[in-house]
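Me: I would like to learn how to read the fold of a model from its computed geometry. Please take it one feature at a time.

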Amino acid sequence: MAIRIDIPQRGVIELQHAVFDVNGTLAVDGIPIQGTGEKLKRLSEHITIHLITAGTHGNLPAIQSTLGFPIHEILRGDEKMRYVQNLGPASVIAFGNGVNDASMLRLAAIGVVVVTPEGISTKTLQGADVVAAGPLQAIDLLLKPDRLIATLRG
């Protein structure tokens, strides 16, 4: 499974893994944003989904049940970066919003900062390739890859 994207002046990227921070990215105040689980399920037909979180709001079993994928509790930014490193950064698109997501977004082939009511860190914004207006729009970047091509072309 992979999503192959040919970005003019950047080259071909073959994405095999989508790594999502959960709290602040897919969920607000520990509650998944409506429709996110369904979109992730559609996306999982094309790419492997990884959900990671520091678990700030707790409630991880309920979030996991709603989103439909296992959640890995990873507390620090360097641990999130190592998670992406172990997958092979050239095949990863990463999504996040907080300071502890900045290094994984910078390391991944494509880093997407996701704007939600919890806000985004300026450090994370600086490490991202793309800004998405919310998690549904972020997931659509992969379901409709021409959006990524239009945004990232040189």
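Predicted model: local features only at pLDDT ≥ 70, side-chain atom pairs only at ≥ 80, totals over all residues.

Me: How does the radius of gyration of the chain relate to that of a compact globule?

Reply: The idea is to set the value beside what a globule with this number of residues would have. For 154 residues a compact globule would come near 15 Å, and the chain has 14 Å, so the two agree. The C-alpha trace spans about 45 × 30 × 30 Å along its principal axes. Buried residues account for 52% of the chain. Of the contacts between residues at least 6 apart in sequence, 55% join residues at least 24 apart.

Me: In what order do the strands of the open sheet lie, and which stand at the edges?

Reply: A sheet is read strand by strand, through pairing partners. Here six strands form an open sheet in the order E7-E6-E3-E8-E9-E10, and the pairing is parallel. The edges are E7 and E10 (130–132); each has a single partner strand, so one side of each lacks a neighbour in the sheet. On average, neighbouring strands are turned by 25° against each other, with direction ignored. Val19 has Ala94 in E8 as its bridge partner.

Me: Which strands do helices H2 and H3 lie across?

Reply: Look at the strands crossed and then at the angle. H2 (residues 60–67) lies across E6 and E7 and runs at about 150° to E7. H3 lies across E3, E6, E7 and E8, at about 170° to E3.

Me: Which residues of H3 are buried, and where around the axis are they?

Reply: For a helix, list the buried positions and then check their directions from the axis. In H3 (residues 77–87) the buried residues are Gly77, Lys80, Tyr83 and Val84. Their arc around the axis is only 115°, which means that they sit on the same side of H3. They pack against E3, E6 (48–53), E7 (71–73), E8 (92–96) and helix H4 (102–107). Just after H3, Gly88 has a positive phi of about 100°.

Me: How many residues of H6 are buried?

Reply: H6 (residues 135–143) is mostly covered, with seven of its nine residues buried. These are Pro135, Ala138, Ile139, Asp140, Leu141, Leu142 and Leu143.

Me: Is Thr25 buried or exposed, and which residues does Thr25 touch?

Reply: Accessibility comes before contacts. Thr25 is in the loop between E3 (17–21) and E4 (27–28). Its relative accessible area is 1%, and the cut-off for buried is under 20%, so Thr25 is buried. Leaving aside residues up to four places away in sequence, Thr25 touches Ile33, Phe95, Gly96, Asn97, Asp101, Val114, Thr116 and Pro135. With Asn97 there is a polar contact between side chains, at 3.3 Å. Pro135 is also one of the buried residues of H6.

Me: Which residues other than glycine have a positive phi?

Reply: Most residues other than glycine have a negative phi. Gln9 is among the exceptions, with a positive phi of about 65°. Gln9 lies in the loop between E1 (3–7) and E2 (11–15), and its relative accessibility of 67% makes it exposed. Asp29 also has a positive phi, near 55°. Asp29 lies in the loop between E4 and E5 (31–32), and at 55% relative accessibility Asp29 counts as exposed.

How values were computed: Residues numbered from 1 in each chain as written. Heavy atoms only, no water. Buried < 20%, exposed > 50% of the residue type's maximum accessible area, 1.4 Å probe, protein only. Helix = DSSP H or I, 4+ residues; strand = E, 2+ residues; numbered from the N terminus. Polar contact = N/O pair within 3.5 Å; in protein donor to acceptor, adjacent residues only side chain to side chain. Contact = heavy atoms within 4.5 Å. Arc of directions from axis to C-beta. Pairing = 2+ DSSP bridges. Axes fitted to C-alpha atoms, helices over the stretch in contact; angles between N-to-C directions. Rg over C-alpha atoms; globule rule 2.2 N^0.38 Å.
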